[in-house]
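This report sets out selected features of a protein structure: salt bridges, helix contacts and strand pairing. The sequence and the coordinates are shown first.

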Amino acid sequence: VSKQDLEDTYDVPFKACVVDGKVASVMCSYNQVNGKPTCADPNLLKGTIRSQWRLNGYIVSDCDSVGVYYDDQHYTKTPEEAAADAIKAGLDLDCGPFLAIHTEAAVKTGLVNEIDINYALANTITVQMRLGMFDGEPSTQRYGNLGPADVCKMSSNELALEAARQGIVLLENHGNSLPLSTTRHRTVAVIGPNSDVTETMIGNYAGVACGYTTPLQGIARYTRTIHQAGCLNVHCNGNQLIGAAEAAARHVDATILVIGLDQSIEAEFRDRTNLLLPGHQQELVSRVARASRGPTILVIMSGSPIDVTFAKNDPRIGAIIWVGYPGQAGGTAIADVLFGTTNPSGKLPMTWYPQNYVAKLPMTDMAMRANPARGYPGRTYRFYKGPVVFPFGLGLSYTRFSHTLAQGPTLVSVPLTSLVAAKNTTMLNNNGVRVSYTNCDSLSLDIHVDIKNTGTMDGTHTLLVFATPPAEKWAPNKQLVGFHKVHIVAGLERRVRVGVHVCKHLSVVDKFGIRRIPLGEHKLEIGDLKHHVSVEANLGEIKRAEMEDCNRGQDYFAAQDRESAAANKYGGLAPKKKPLISKDHERAFFDSADWALCKQGAGVNPKSTAAVETLQPKLQRTPHQQLPPRRPACTSGHE
């Protein structure tokens, strides 16, 4: 995985959880990243998570991860080395028995020090203390007697239902096929392998549900239903039951097909083999839609995209909704949306790709950006430009919303705090300025939008704001930078504010993994509005003295070049010149990364001085590693 993709994509959600979410624990995975197990990577655990992101808690392994990189990946020669590598890398707690078995031997053989174990214990026990685990008998503490009654409260059940309602996405609605009417659709056929499921709705890694409402049960609360499964399960290996489903669809006012996937198709350790509906499900949908006397509604239950292009192109299918795995109250939420008690407001959280996309995308290739030269299409809406089934962020409503930009800046000035950014005009014009060279931590664009519900039905609207940076080969096409969800009564208008953080949201990452803010015109998509913001560099915060130092430094090295030329002319002895700048200043400034880049940006010939000859390969290192080589000073004996 490239530094660019790590910083730009893969690290982003984890960083948000640690920095913004203030989580108390991070889990390292069992796989390797760039040849190193994540649970044995000190740069990741100690360097990034604990030092850069300031994790205030403990790091735990994914279960058996340490054992996996010894037993299966053969990363170390002995189990004691595996235990030592994990602890020294920054692992605090092992989910599994490996460290419990092998750590003592690792200490005795000198592979790991006791102080490293003390650090791990301190990180873990500190969190236990926050939880009150040392405050006495657990049963007498605040959370010592929790049970089902504390989970299955009315407020919790209502929350589960509301979450399901808000998560449903209306993808297609031809001719206002939805919502259905209880007066016009008195009898409805409910068909499909997911039409009467329970545990399928909660997905995986879920607790014990307080009670289920299946899609069939939810719809039956609104109207009379006729049920046919159409398939024995989601694998739908046979089409023997499709005939009965067709017969049901011929004698009802509307047909609702609930299809999709479950944990037997997609789960941990169970990868999908394609993006199509399994087995004969597509045949079921097409045949039932052709037989249906009334409108046909397609309800897709899955945790990942499905290529349903055939359904999009079928004029007999009036509407398509995606419900994910909606939880214990999923059936109620689905019925509420189908019959208009709830106006859908969800937005699609991932791109739905066509089946042929998979053939172009090796699952062993983690690159985000497209590479046309080798036919690689890129990943996600940010970098993939090809055809899609449904785009990221899509989500329709039963009403209509209009947007008017009430307030939005057209110019933002990014204050620079580094000579590097100020002097290196090439960097400013082409690559943008490094975020680390700016003072924009609190710099935000306030976008105020008036949203009006112009339809006849109350609805909740999710305003999405996308930003597209000035064209750069390593920049994304566009990316979501903000959203705001608001409920608006029919005919009324509300003003919403979306904040766009300049450093975080208008920056991009270059191929070296360095985050920069491109200068120039950034395009914002605010709902259906287009807005442009110009970003410029503000040099006001840079001290004039530092600028003068940079100019004097250029003269200094130019003078040294003249001395070198004179030395060659006089057989290696150059006449002594009056120094343009003090030796103290030379040590404090000329040996710094700022001076090195300042000098390069000033247009000095890289071959004119030894100080710059080897500079370029060192530009991406830490400041302490960026020191250009010193020139030997002339001694009095050389006068």
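How many salt bridges does the structure hold? The structure holds 19 salt bridges, a salt bridge being a side-chain nitrogen of Lys or Arg within 4 Å of a carboxyl oxygen of Asp or Glu. The model is predicted, so that local features need pLDDT of at least 70 and side-chain atom pairs count only at pLDDT 80 or more, while totals for chains, interfaces and linings use all residues. Residues are numbered from 1 along each chain as its sequence is written, and side-chain values use heavy atoms, with hydrogens and water left out.

## Salt bridges

| Glu7 | Arg515 | 3.4 Å |

Glu7 forms its salt bridge with Arg515. This pair links distant parts of the chain, with Glu7 in helix 1 and Arg515 in strand 19 (residues 515-517), 508 residues apart. Helices (H or I, at least four residues) and strands (E, at least two) are DSSP runs, numbered from the N terminus. Glu7 counts as partly exposed because its relative accessibility is 26%; buried means under 20% relative accessible area, exposed over 50%, and partly exposed in between (1.4 Å probe, protein chains only).

Arg369, at 12% relative accessibility, counts as buried.

Asp446 lies in strand 14 (residues 444-453) and Arg497 in strand 17 (residues 493-501), so the pair ties together parts that are 51 residues apart in sequence. Asp446 is partly exposed, with a relative accessible area of 29%, and Arg497 counts as partly exposed at 42% relative accessibility. Through shared partners, salt bridges also join Asp5, Asp8, Arg369 and Arg382 into one network.

## Helix contacts

Two packed helices are described by the angle between their axes and the distance between the axes. Axes are lines fitted to C-alpha atoms, for helices over the stretch in contact, and angles run from 0 to 180 degrees between N-to-C directions.

The axes of helix 1 (residues 3-10) and helix 2 (residues 12-20) come within 6 Å and cross at roughly 50°. That makes helix 1 oblique to helix 2; angles under 35 degrees count as roughly parallel, over 145 as roughly antiparallel, 65 to 115 as roughly perpendicular and the rest as oblique. Helix 1 contributes Leu6, Glu7, Asp8, Thr9 and Tyr10 to the contact, and helix 2 contributes Val12, Pro13 and Phe14, where contact means heavy atoms within 4.5 Å. The residues of this contact of helix 1 with helix 2 divide into five nonpolar, one polar and two charged. Ala, Val, Leu, Ile, Met, Phe, Trp, Tyr, Cys and Pro count as nonpolar, Asp, Glu, Lys and Arg as charged, and the others, Gly among them, as polar.

The axes of helix 5 (residues 79-89) and helix 6 (residues 98-108) come within 8 Å and cross at roughly 95°. Helix 5 is therefore roughly perpendicular to helix 6. Among the contact residues are Ala83 and Ile87 of helix 5 and Phe98 and Leu99 of helix 6. By class, the contact of helix 5 with helix 6 has nine nonpolar, two polar and one charged residues.

Six strands form an open sheet of mixed pairing, in the order 5-10-9-8-6-7. Two strands pair if DSSP finds at least two bridges between them. Strand 5 (169-173) and strand 7 (224-228) are the edge strands, each pairing on one side only. Within this sheet, strand 9 (residues 296-301) and strand 10 (residues 317-322) pair in the parallel sense over five bridges, and Ile297 stands opposite Ala319 in strand 10. Helix 12 (residues 281-291) lies across strand 6, strand 8, strand 9 and strand 10, running at about 175° to strand 8.

Elsewhere, seven bridges join strand 20 (residues 520-526) to strand 21, and the two run antiparallel. In their hairpin, which has two residues between the strands, Gly527 takes a positive phi near 65°.
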